Amino acid sequence: MSRSQSRSYPRASRPAPLRTRLRAAGLPLVLIAPALVSTASAHAVLERKEAAPNAAYRGVVQIMHGCDGRPTTRVSVTIPEGVTGAKPMPKPGWTISTVKSAYARAYPSFHGQVSEGVTRITWTGGNLPDDQVDEFTFFARVSDAFAPGATIYFPVEQDCTQGSYRWSEVPAEGASARALKAPAPAVRIVAASGAAAQAAQGQASQAPVAPAARAGAIGIEAPWLRATPAGAKVAGGYVTLRNTGTEPDRLTGASIPRAGRSEIHSMTTEGGVMKMAPVEGGLTLAPGAEVALKPGGYHLMFLDLKDGLKAGETVSGTLTFERAGTVPVSFTVAPIGAQGPGANGPGANGPAAVPDAGGHPHHH
């Protein structure tokens, strides 16, 4: 299929048939055939054609030509279901707009569950000549909704000063995209490599759950951390606390040697959106009460990490209480996305919780 043939798609002006134009120009078809192969892919494509589940993805939409010689003035990409936290990269000379919609279901993130996000990104106002190419970039996260071997399609709209294309066709399940006239750019899901694959798929080795400890009247059960992706500066910490005494106490802080500081955070849902906020003054432990710091609820946030956390290791740290004082504890490290200290990874004990490209500036 030639570039001029591909331009006969929806809403583009329809030129004379290629064979007629070649003959009118006095050009033999046999000499043009090699060019037909090279221009068949001359449309909207994604530079990065592979991504891993539970991992960030840098989408680069490449616009290879205009509309029958007309410059491109608008590019829009649809973010498919299961890809969360999408954010566009600014582009000089172009204006960015986004559409935020509810997801079909909630997806896990380090802040609990996310139920809505950016589902369309549009760049307008620029002018990309037909004889030039350019790139339009966004960042997002591929959720655990996709397993290796799956294909994700990102429909792209391209508008010009005259004419437009809709690179939006998606093949039926089990069918090939080769027969499509205007295929949507595709990304193949592949297994992550090395340690990333172990963490994402829950195959990393694990340390046993830490034994229970006690600080005065406060029982401390199963302190644990989530493993962190490469380069992460924030980690989430969890523990169950029981006040068996007759006086209230308060958890005021925590520490691990690899973190510069820590905070105690709460998680709430407002209008279907999960929101996180620091717990000012510490977390109250009433007499006889049990408080579980867990994914999607109260949790510890360790910030300014100096080094990452790997599934299977044990990290020494402390918990500080208003009455019971500072208590040494050992945090076990569960895989990325684990929902509990003994989980094997995403989905092992309920929905996975993995970092997301958007939302709160701290991911854990």
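This is a predicted model: local features need pLDDT of at least 70, side-chain atom pairs count only at pLDDT 80 or more; totals for chains, interfaces and linings use all residues.
Residues are numbered from 1 along each chain as its sequence is written, and side-chain values use heavy atoms, leaving out hydrogens and water.

Overall, the protein has 4 helices and 23 strands; these are DSSP runs numbered from the N terminus, with at least four residues for helices (H or I) and at least two for strands (E). Of its 364 residues, 46% are buried, that is, under 20% relative accessible area with a 1.4 Å probe, protein chains only.

Back to S22 (residues 314-321): this strand runs antiparallel to S16 (residues 249-255), joined by 4 bridges. Strands count as paired if DSSP finds at least two bridges between them. S22 also pairs with S23 (residues 325-334), again antiparallel, over 8 bridges. Together S22 and S23 make a hairpin with 3 residues between them, and Phe321 sits opposite Gly325 in S23.

Elsewhere, 4 strands build an open antiparallel sheet in the order S1-S3-S8-S5. Strands S1 (45-46) and S5 (83-88) are at the edges with a single partner strand each, so one side of each has no neighbour in the sheet. S5 pairs with S8 (residues 134-142) over 4 bridges in the antiparallel sense, and Lys87 has Phe139 in S8 as its bridge partner.

Definitions and conventions: Buried means under 20% relative accessible area, exposed over 50%, partly exposed in between (1.4 Å probe, protein chains only).
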